[in-house]
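Subject: Structure for your files

Hello,

Here is the structure I said I would pass on. My notes on it come after the display.

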Amino acid sequence: SAYMMGTYWGAMGSAFLNVFVLWCVNYLAVEIEQPFGDHPNDLPLADEMNAMNTSLRALVSKTARKSPGYTPNGSRPSLVATEI
């Protein structure tokens with residue numbers, strides 16, 4: 001590094017910057033490898049699980065088993081669902 005910079009201060013600054021950037025990349029990799037937990041930067045698994053359960057309950061409800069009505073004459077479709 002001293003050969004490229006020409007001064008000791010430049011070499012010291014360049015070496016410090018390189019080491020600092022590599023440690024930052026290391027800390028980012030550690031955070032990405034462990035996305036689950038209770039830290040503020042972790043994934044909200046409880047919220048995602050509740051949203052998935054709500055969606056699944058909507059899919060198995062009685063109203064989801066009915067198909068919408070269809071009128072072939074071009075009039076406004078009926079809002080009353082018909083049973084399959």
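This is a predicted model: local features need pLDDT of at least 70, side-chain atom pairs count only at pLDDT 80 or more; totals for chains, interfaces and linings use all residues.

The average pLDDT of the chain is 81, and 82% of the residues score at least 70. Among the elements, helix α3 (residues 45-59) has the highest mean pLDDT, 92, while helix α1 (residues 2-5) has the lowest, 65.

The chain has three helices and zero strands, in the order α-α-α from the N terminus. Of its 84 residues, 4% are buried. The accessible surface is about 8000 Å², and carbon and sulfur atoms account for 67% of that.

A nonpolar surface patch is formed by Phe-16, Leu-17, Phe-20, Val-21 and Val-25, which together have about 510 Å² of accessible area. Leu-17 belongs to helix α2 (residues 8-33).

Two aromatic pairs were counted. Phe-16 and Phe-20 are stacked, because their ring centres are 6.1 Å apart and their planes meet at 20°, under the 30 degrees that the term requires. Both residues lie in helix α2, four residues apart, or about one turn of the helix. Phe-16 has 59% relative accessibility and so counts as exposed; Phe-20, at 46%, counts as partly exposed.

Trp-23 and Tyr-27 make a tilted pair, with 5.9 Å from centre to centre and 35° between the planes. They too are in helix α2, and because they are four residues apart, about one helical turn separates them. Trp-23 is partly exposed at 48% relative accessible area, whereas Tyr-27 is exposed at 58%.

Regards

Methods:
Residues are numbered from 1 along each chain as its sequence is written. Side-chain values use heavy atoms; hydrogens and water are left out. Patches are made of residues with over 30% relative accessible area and no salt bridge: like charges are joined within 9 Å, nonpolar side chains (Val, Leu, Ile, Met, Phe, Trp, Tyr) within 5 Å. Accessible areas come from the Shrake-Rupley method with a 1.4 Å probe; for residues, only the protein chains shown count as cover. A salt bridge is a side-chain nitrogen of Lys or Arg within 4 Å of a carboxyl oxygen of Asp or Glu. Helices (H or I, at least four residues) and strands (E, at least two) are DSSP runs, numbered from the N terminus. Buried means under 20% relative accessible area, exposed over 50%, partly exposed in between (1.4 Å probe, protein chains only). pLDDT is the predictor's confidence in each residue, from 0 to 100. Rings of Phe, Tyr and Trp (its six-membered ring) pair if their centres lie within 6.5 Å; planes under 30 degrees apart count as stacked, over 60 as edge-to-face and the rest as tilted.
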